[in-house]
Amino acid sequence: MRIGMVCYPTFGGSGVVATELGLGLADKGHDVHFITYKRPVRLTSFHANVYFHEVTAMEYPLFEFAPYETALASKLVDVVLFEKLDLLHVHYAIPHAAVGYMARQILASQGIYIPIITTLHGTDITLVGNDSSFAPVVEFTINQSDGVTAVSEQLKNETISTFHIDREIKVVHNFIDFSRFRKINKDHFRKAIAPDGEKILIHISNFRKVKRVEDVIRVFEIVSKQIESKLLLIGDGPERKAMEDLCRQIGLCDHIRFLGKQEAVEELLAISDLFLLPSENESFGLAALEAMACEVPVISSNAGGLPEVNIDGQTGYMCAVGDIKGMAQKCIELLENEDTLNQFRQNAFLQARRFDIDQILPQYEEFYEEILRKSKINQ
Ligand code: GMT
């Protein structure tokens, strides 16, 4: 198949899923064309069958905001025509489902039908998409997509309860590539970060409010009073400055390290004992899955789709959103008991195997084929 992959190219989970999916499909012999404004962060080197089309929106003094959507729709039309694409898979409904719809209409006027598959990732429904400034377009373009997928059962249900949806939504979970995410020996990193054998807790996110990074720090504040430990904070975003201030205020700067955006997160997960994810909402929690693949148990909130990933009492623990004391208590329980921690490490790895890319990627391929078949019948 010749597939156009539209996504945000940044560190966010939706861009990561789109990129890993594209690379996996390319490995299986499909031609994959990434179409976005910057090279996706996980598209770091040359891959056979992978192409990248950069979208640039022309600057003009009249525009306070360069009209990216118009430039993207024009680029989609161009790439579909020139590369003879079979379908467009757009990740994150805003604005990609609407742009895909626009491109499809333009191409239809030239007698070409390009099916649009929209994957819903989370905040495009829960936090942003349901805002009245976007909702009518999000609802309309989800319904207009030829196929729709959601990354968890919970996100599917939330989409149905938030909007009037007349399309089937197929759940295809996030996935993990074990050739990259696995426990590797990085003892020299461990020694550098925790020279006296301290335990290492880790959090990775885009530091938006929804991630509740303050809870991560507050949990660590309690844990570090009982257990010699260090906290690694990976990522960057709007909350980072406030979080750095908080660490200074509570006097834990020597034990908390902000490492910013990191490419090789698996190397940091490899030296970690617990992963913290206390999010207000999380449609799936790809970061938790990446931790589990590296044998790191997860202490998380029970928000959104997290219960589909983290099994309470087996692969980690889940507490109510904001239950800082509860999360800290669970961390201490696990860190104090080496046997249980090791058992949880093993359980986390086994649970992550359920989301192996080799299991999930064929679900996308079958869905593409189904949508292509249906759209041919309807033409
Ligand atoms: O977590 C974010 O804020 C980034 C966001 C995105 O769209 O890039 O992540 C969402 O998509 C990921 C991949 O499908 C999911 O694993 C995350 O749970 C989801 N984030 C939220 O729902 C907050």
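Which residues of helix α5 (residues 135-144) are buried?

## Helix α5 and its cover

In this predicted model, the buried residues of helix α5 are Ala135, Val138, Thr141, Ile142 and Asn143. Look at the spacing of Val138, Thr141 and Ile142 along this helix. An α-helix has 3.6 residues a turn, so residues three or four places apart point the same way.

What lies over these buried residues? The cover of α5 includes the helices α3 (93-108), α4 (123-126) and α6 (153-162). Strands β5 (116-120) and β6 (147-150) are also among the covering elements.

## Two domains

The protein is divided into two parts. Domain 1 takes in 2-175 + 357-374, and domain 2 takes in 187-353. The centres of the two domains are 31 Å apart, taken over C-alpha atoms. Domain 1 brings 20 residues to the contact, and domain 2 brings 15 residues.

## The nonpolar cores

How many residues does the largest nonpolar core have? It has 75 residues. Met5 and Phe275 have the most contacts inside this core. Helix α14 (residues 357-378) gives the most to the core, with 8 residues. Domain 1 and domain 2 both supply residues, so this core lies between them.

Phe275 shows what such packing looks like. Leaving aside residues up to four places away in sequence, Phe275 touches Ile202, His203 and Ile204, among others. Its partners also include Leu269, Ala287, Ala288 and Ala291. Val296, Pro297, Val298 and Ile299 touch Phe275 too.

## On the surface

Met58, Tyr60, Leu62 and Phe63 make a nonpolar surface patch of about 460 Å². Met58 sits in the loop between β3 (50-54) and α2 (68-83). Is Met58 buried or exposed? Met58 has a relative accessible area of 59%. The cut-off for exposed is over 50%, so Met58 counts as exposed.

Now turn to helix α13 (residues 338-353), which holds Asn342. Asn342 is partly exposed, at 38% relative accessibility. Along the sequence, Asn342 and Val296 are 46 residues apart. In space, their C-alpha atoms are 9.4 Å apart.

Most residues other than glycine have a negative phi, and most peptide bonds are trans. Some spots here depart from that pattern. Ile94 and Pro95 are joined by a cis peptide bond, with omega about -10°. Pro95 lies in helix α3.

Lys84 is not a glycine, yet its phi is positive, about 55°. Lys84 belongs to the loop between α2 and β4 (87-91). Lys84 is exposed, at 55% relative accessibility. Arg212 also has a positive phi, near 50°, and is a residue other than glycine. Its place is the loop between β8 (199-204) and α8 (213-226). Arg212 is partly exposed, at 24% relative accessibility.

## Salt bridges

Side chains of opposite charge can pair when their charged atoms come close. How many salt bridges does the structure hold? There are 24. Arg212 takes part in one of them, with Glu280 as its partner. Their closest N and O atoms are 2.7 Å apart. Arg212 is in the loop between β8 and α8, while Glu280 is in the loop between β11 (274-277) and α11 (286-293), so the pair ties together parts 68 residues apart in sequence. Glu280 is partly exposed, at 42% relative accessibility.

Glu239 pairs with Lys209, with closest N and O atoms 3.2 Å apart. Glu239 lies in the loop between β9 (229-234) and α9 (240-249), and Lys209 in the loop between β8 and α8. These two residues are 30 residues apart. Glu239 is buried, with a relative accessible area of 17%, whereas Lys209 is exposed, at 63%. Glu214 and Arg218 form another pair, at 3.5 Å between the closest N and O atoms. Both lie in helix α8, 4 residues apart, about one turn of the helix. Salt bridges can also form a network. Glu20, Arg42, Arg180, Glu266 and Glu290 are linked in this way.

Key: Residues numbered from 1 in each chain as written. Predicted model: local features only at pLDDT ≥ 70, side-chain atom pairs only at ≥ 80, totals over all residues. Heavy atoms only, no water. Core = buried A, V, L, I, M, F, W, Y, C linked by side-chain atoms within 4.5 Å. Buried < 20%, exposed > 50% of the residue type's maximum accessible area, 1.4 Å probe, protein only. Domains from an automatic or database assignment. Contact = heavy atoms within 4.5 Å. Patch = residues over 30% accessible without salt bridge, like charges linked within 9 Å, V, L, I, M, F, W, Y side chains within 5 Å. Areas by Shrake-Rupley, 256 points an atom, 1.4 Å probe, with all protein chains shown as cover. Salt bridge = Lys/Arg side-chain N within 4 Å of Asp/Glu carboxyl O.
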